Protein chains: 2
Amino acid sequence: MWTNLEEARVVATHASRAGMSGSQSVDRALRLLALIGREPAGGLPLVEIVTGSGLNKPTARRLLLALMRAGLVEQEPKSRHYCLGEEAFVLGVLAARRHGLLELAMESLRRLSAVTMDTSFLSVRRDNYCVCLHREEGTYPVRTHALQMGDQHPLGVGAGSLALLAALPDDDVDRIVTANEAVLLAQYPGFAPALIRADLALARERGFSVNPGRLVSSSWGIGAAFRYPDGRVAGALSLAAIDSRMQPARQEELAGHLAQEVARMERLLAEMFVSGGKGMGGRPVNVALEARRA
Amino acid sequence: MWTNLEEARVVATHASRAGMSGSQSVDRALRLLALIGREPAGGLPLVEIVTGSGLNKPTARRLLLALMRAGLVEQEPKSRHYCLGEEAFVLGVLAARRHGLLELAMESLRRLSAVTMDTSFLSVRRDNYCVCLHREEGTYPVRTHALQMGDQHPLGVGAGSLALLAALPDDDVDRIVTANEAVLLAQYPGFAPALIRADLALARERGFSVNPGRLVSSSWGIGAAFRYPDGRVAGALSLAAIDSRMQPARQEELAGHLAQEVARMERLLAEMFVSGGKGMGGRPVNVALEARRA
DNA sequence: GAGATTGGTCCACAATATGGACCTTATTCT
DNA sequence: AGAATAAGGTCCATATTGTGGACCAATCTC
């Protein structure tokens, strides 16, 4: 096939670099950014960034300096921890013009919490994880604080997270659960992969997910996912309460409310797609259609 | 940073060790990210990114691919324009745990718009520019749409923007106006640098800024900046209306409302600093103190 | 105050990012 | 239509850029 050795060598080196980005340092820097974003508001010390990323200290530091120059990361002068910077916040607001899920969902969340008196959540997928984008407090005096805004858990851990997973095709589910296996076993004793698969089957059967206090005992949750018009999973709405408020009869009731709001979200998203019509802020909105990541 | 390649090359080979970042490609990639964020929701075609950044096509494309791999940028399949991705939105929400200005300001904006019937805005500084983070509609039937959420103008262009500029020390003002001079002359015919300086002096004297329809005629604005407890400028609140609703007497009235909300914002920011107490989301919040960018 | 841990920097070396040249696909013009 | 123009996208030899072992400095721990 190869006409000469030169060509073979070129293609060989190229093949060996298959999957190589051609932008190693940028990829690394952005991985650091995601790593820092994953962490609760306290920020991360350099060592943890080094161990968490697998990079070595000078490299991590150099990339962090670049991120800081851009304002995406800040270093607290006292603790020297690295955390997300103001520019990340501003960029997020700018990105919200297209990806305004939160804004779209706020009305649903408020209504869910008002009607049920329980705390409601909006969660989205982020790789093999699930991020809680908003927590809307309920009024019932006994509340669970197992899930806070910004918290991230592997897909399948928690009601909203499980709903997202259950909405994905089987091969994705397999890939994701496998990828998370190590983390699940190490950090989530209540969530053995087999258990997640069982919960997931149940969720699909019922049409809504239930987390019977597996993360924090007595802290139950119920969730349902919603999709973009093209079928991609967009996010999940969920409710959390103590076990006594989550018995079978009430589960059905709550699931009904969730279903209503899921329908609303899918209607709004559909509206955004036709004609790129007015979405939030009186601006044309046009959610990108292609799937993310390879 | 470099306006053209000649200059970049000269400096690279010449001052080889002095002040070089050590992460050229990361810096470049993040500059592209900011460039894309600057653009209204429609996104940017590759050529504009190439010309706008001064990079060449393969380089720009390679960096964009890296940004896309991280989800920070997406490419619309149809127009092939590049725009901010979902990950940027999610990161923004995560960053909001620390930089929750918008959340903090929402109540003020709602009250301003309710009381005055006019549209109100939250703006923050971004380098030499000013970004509008939120637009809260007023109820008065005749409204100006000169400023939309996400819009960016040089500091000094518009009421909120001018308020931010006026709140900065003189040497910063000089540096910023000088840096923006070319853009102002080319794209903002109503805002000659000298005029901005005059408006600014007036704003400082009065305690609030006024834009007498310089961007869009008959579209007036009035603004006031607020600060972090350490003195750094945090943002600006502003109001917009048609000229007939912005005569001197009403200016004073509106300025009074603004002053009240500025006081509220500064009180809330001060509370965040003592003890890193509970801020938004029931989480300890701790706004970083150090200034951004060198 | 000796030992350990973490933050941060230096610099020789080679792997990585660079950009001129080139190919491919839309769009415009005659 | 078909040519011409412009934009999107890719290749690959080269040298510039990024890398990481070694090292110093400042805290923390006992």
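**Charges over rings and crossing helices**

Trainee: Which residue lies over the face of B:Tyr129, and at what distance from the ring centre?

Mentor: B:Arg38 does, at 5.3 Å from the ring centre. A charge counts as over a ring if NZ of Lys or CZ of Arg is within 6 Å of the ring centre and within 35 degrees of the ring normal. Likewise, B:Arg245 sits over the face of B:Tyr140, at 3.7 Å from the ring centre.

This is a predicted model, where local features need pLDDT of at least 70, side-chain atom pairs need 80 or more, and totals for chains, interfaces and linings use all residues. Residues are numbered from 1 along each chain as written, chains are lettered from A and ligands numbered from 1 in written order, and side-chain values use heavy atoms, without hydrogens and water.

Trainee: How do I read two packed helices?

Mentor: Look at the angle between their axes and the distance between the axes. Here H5(A) and H5(B), each residues 86–95, pack at about 130°, with axes 7 Å apart. They are therefore oblique to each other.

Trainee: Which residues make the contact of H5(A) and H5(B)?

Mentor: A:Ala88, A:Phe89, A:Gly92 and A:Ala95 meet B:Ala88, B:Phe89, B:Gly92 and B:Ala95, contact being heavy atoms within 4.5 Å. By class, six are nonpolar, two polar and none charged.

Trainee: At what angle do H2(A) and H2(B) pack?

Mentor: About 65°, with axes 8 Å apart; each H2 covers residues 24–38. Their contact is made by A:Ser25, A:Val26, A:Ala29 and A:Leu30 with B:Ser25, B:Val26, B:Ala29 and B:Leu30.

Definitions and conventions. Axes fitted to C-alpha atoms, helices over the stretch in contact; angles between N-to-C directions. Helix = DSSP H or I, 4+ residues; strand = E, 2+ residues; numbered from the N terminus. Parallel < 35°, antiparallel > 145°, perpendicular 65-115°, else oblique. Nonpolar A, V, L, I, M, F, W, Y, C, P; charged D, E, K, R; others polar.
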